[in-house]
Amino acid sequence: MSAGGGTKAILAALAANAGIAVAKFGGFLFTGSSSMLAESVHSVADTSNQGLLLLGKKTSVRRPTAEHPFGYGRDRYFYSFVVALLLFSLGSVFALYEGVHKIQHPEPLSSPLVAVVILLLAIALESYSFTTAIKESRGIKGGLSWWQFIRQAKTPELPVVLLEDAGALLGLVLALGGVGLAVLTGNPVFDGIGTVGIGLLLGVIAVILIVETKSLLIGEGADRSVLDEVVGELRGGRVRRVIHIRTQYLGPDELLIAAKIDLEPSLDVAAVAAEIDAAEARVRAKVPAARLIYLEPDLDRSGDRSADRDRGAVSEPVADSPSETDSEPSIDSPRD
């Protein structure tokens, strides 16, 4: 899965949310609607979030230093995690507080038509942002479902923008419903109920983003399809077997690969070095994100579990079947 893309979607969301935030605040001042206030704060938070995502993309391309020899690629994961926290705190918690307050102390709406017009305008702008994010994501997600893409994508910005925009659209519908019911029934409690619904919606989205970005921030390995490609390329030339392999994304576009490989025993030192260089070249040609590759020639001790454990070569049990140990290296199991 490619890790590129996302800037256009972020810029579209930034422009849409900035305009929507101004319009919603104006609508709140005219109507006094708690749904409008909750949506206003939501849009301000979303606008700030897009700025943080852009900041993360910029700082992540800094050159490696002695203190950070593997670079700053995870800055994108860090700022995406901050975005998820902001969405939860500024969006969900505030909306829940405001909604409960309005239910306990309902106040009649003034100029509800203004609120309806602003909400419809906001829906149109959010739809544009959401459509842009979908177009940007389609070229990356491949045959995955949207849920699988959100769970497995190594590019954090696109899932964040997708979920934010989807949440914003649903939130606008809830706000529109709350204002509409309050006008039709003459009961302003419905406005507070709509606000609570917005808070719950944002809370669910924020929790999903927190879980996913936390996983990326801690460090995720390559998924099964990428692992199969890497192992397949390593097995070329005079490499007889991949004994064990570990992978980790240092950033969306940078995959670290460390592996022990079994080479033909007759090779001299120069030939071993040449085979390692050739194996690295094959992997990089197939998996461009494989920027850092460390290969260690070793003897295949797949039949001796105790020796492997003592040397730290594997962290998973080695299969008992000779056919299994001959064909499959010890690898990390990626998330489903």
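Below is a short chat about helix packing and a sheet in a predicted model.

Me: How do helix 4 and helix 6 cross, and at what angle?
Reply: In this predicted model, the axes of helix 4 (residues 112-141) and helix 6 (residues 157-185) come within 9 Å of each other and cross at roughly 160°. Because angles over 145 degrees count as roughly antiparallel, helix 4 is roughly antiparallel to helix 6.

Me: Is that crossing left-handed or right-handed, and what residues make up the contact?
Reply: The crossing of helix 4 and helix 6 is left-handed, and the residues of their contact divide into 22 nonpolar, three polar and three charged.

Me: OK, and helix 1 against helix 4, what's the angle there?
Reply: The axes of helix 1 (residues 7-31) and helix 4 cross at roughly 170° and come within 9 Å, and therefore these two helices are roughly antiparallel to each other. Their contact residues divide into 15 nonpolar, seven polar and four charged.

Me: Switching to the sheet, what is the strand order?
Reply: The sheet is open and has three strands in the order 1-2-3, with mixed pairing. Its edge strands, each pairing on one side only, are strand 1 (239-251) and strand 3 (292-297), and neighbouring strands are turned by 15° against each other on average, direction ignored.

Me: How many bridges join strand 1 and strand 2?
Reply: Strand 1 and strand 2 (residues 254-263) pair over 10 bridges in the antiparallel sense, and Tyr-249 has Leu-255 in strand 2 as its bridge partner.

Me: Which strands does helix 8 lie across?
Reply: Helix 8 (residues 224-234) lies across strand 1, strand 2 and strand 3, and runs at about 140° to strand 1.

How values were computed:
Residues are numbered from 1 along each chain as its sequence is written. This is a predicted model: local features need pLDDT of at least 70, side-chain atom pairs count only at pLDDT 80 or more; totals for chains, interfaces and linings use all residues. Side-chain values use heavy atoms; hydrogens and water are left out. Axes are lines fitted to C-alpha atoms, for helices over the stretch in contact, and angles run from 0 to 180 degrees between N-to-C directions. Helices (H or I, at least four residues) and strands (E, at least two) are DSSP runs, numbered from the N terminus. Angles under 35 degrees count as roughly parallel, over 145 as roughly antiparallel, 65 to 115 as roughly perpendicular and the rest as oblique. A crossing is left-handed if the near helix is turned anticlockwise from the far one by less than a right angle, and right-handed if clockwise. Ala, Val, Leu, Ile, Met, Phe, Trp, Tyr, Cys and Pro count as nonpolar, Asp, Glu, Lys and Arg as charged, and the others, Gly among them, as polar. Two strands pair if DSSP finds at least two bridges between them. Contact means heavy atoms within 4.5 Å.
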